[in-house]
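Q: Please examine the salt bridges of this structure in detail. Which residues pair, and where do they lie?

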Amino acid sequence: MRTVRRRREKHLICRTNSQDGSTSQNSSPIAYEQNMQEKKDFHLDLWFCLTLQNWILDFGRPIVMIMLPLEWFPLNKPSAGDYFHMAYNVITPFLMLRLVERSPRSLPRSAVYLCIITFVMGASIHLVGDSINHRLILSGYKLHLSVRENPIIRDLKPASLIDSFELLYYYDEHLGHLMWYIPFFIILFIYFTGCFTTSSQLNIPLSGKLLLGPSAVYYWYLVTEGQITGVFLITFFAMVALVIHQRNIGLSPDSNGLFLFYSFSLTVLLVVLWVAFLWNDPVLRKKYSGVLYVPEPWSYYTSHIKNIL
């Protein structure tokens with residue numbers, strides 16, 4: 001009886017140690033040290049995959065829909081961009097979970113899982129709204145005009161149909177974006193909180209420096225097209241405040257933390273340049289009349305470039 005009890009206690013101890021990340025019977029101290037070193041190294045594979053799939057599956061999604069012949073994807077069937085969006089909704093949360101797992105410090109799992117669930121739900125809402133919105137563009141819908149001002153919408157009968165299209169616009173451009181991007185930036189910030197070390201000699205490797213530009217350009221597109229400038233700035237200023245606080249207690253961002261922080265800093269610069277470039281645009285000024293004037297790139301395309309091409 002005592003032998004059985006000892007085996008049970010030993011099993012519970014080993015199971016607890018494995019959940020806490022400490023060494024157990026099945027993991028040697030050497031393997032544990034190697035695992036911890038991998039978490040401290042620059043995550044080139046994850047950052048590269050995130051940047052690549054963001055450019056292809058998100059930034060490239062509307063471009064593919066425009067370039068491919070319409071007869072390949074009838075208006076009553078999913079387009080190539082819709083399939084890109086479906087792949088994005090699966091691959092991105094998986095990569096972000098892998099990124100959180102690589103954190104040298106233990107992060108709140110419940111918060112991460114809740115954010116991932118909300119992220120997938122918001123991105124899925126946006127998938128439907130954006131798919132229909134693209135078909136409206138092919139039918140003459142103007143992104144730089146409001147729903148009721150669009151020529152193909154304002155003459156609909158009965159007039160209650162216009163309310164339905166406004167609801168669709170709300171799901172696509174407001175609710176879908178907020179449920180998609182707020183959890184996205186919360187996860188990145190949670191990951192960033194674990195990217196601090198006592199060493200002050202850490203730098204971004206050359207491979208990471210080469211990824212800074214593409215990463216920042218994508219975040220610029222995310223902020224401007226997604227109309228989430230406020231969410232992004234809150235995240236960025238929270239990161240700045242965290243860096244200042246951690247430096248006061250002798251900690252500095254590691255290579256992964258520096259990569260994320262510099263990417264966001266470059267994004268702020270790109271957004272400022274974009275706003276300055278379109279500051280006096282009368283057409284876009286009319287649509288984006290809120291406190292934060294940050295026009296969408298595709299609205300600029302439909303108002304100034306599409307007719308030229």
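A: The account below concerns the salt bridges of this model. The model is predicted, so local features need pLDDT of at least 70 and side-chain atom pairs count only at pLDDT 80 or more, whereas totals for chains, interfaces and linings use all residues. Residues are numbered from 1 along each chain as its sequence is written, and side-chain values use heavy atoms, with hydrogens and water left out.

Across the whole structure, a search returns 7 salt bridges, each defined as a side-chain nitrogen of Lys or Arg within 4 Å of a carboxyl oxygen of Asp or Glu. One of them joins Arg-102 to Asp-45, with the closest N and O atoms 2.7 Å apart. This pair links distant parts of the chain, 57 residues apart: Arg-102 is in the loop between helix 5 and helix 6, and Asp-45 is in helix 3. Helices here are DSSP runs of H or I with at least four residues, numbered from the N terminus. Asp-45 has 39% relative accessibility and counts as partly exposed; buried means under 20% relative accessible area, exposed over 50%, and partly exposed in between, using a 1.4 Å probe and protein chains only.

Arg-148 and Asp-163 also meet through their side chains in a salt bridge, at 2.6 Å from N to O. Because Arg-148 lies in the loop between helix 6 and helix 7 (151–154) and Asp-163 in helix 8, the pair ties together parts 15 residues apart in sequence. Arg-148 is partly exposed at 41% relative accessible area, and Asp-163 is partly exposed at 41%.

Salt bridges with shared partners join Asp-58, Arg-61 and Asp-130 into one network. Within it, the closest N and O atoms of Asp-58 and Arg-61 are 2.8 Å apart, and both Asp-58 and Arg-61 are buried.

Key. Helix = DSSP H or I, 4+ residues; strand = E, 2+ residues; numbered from the N terminus.
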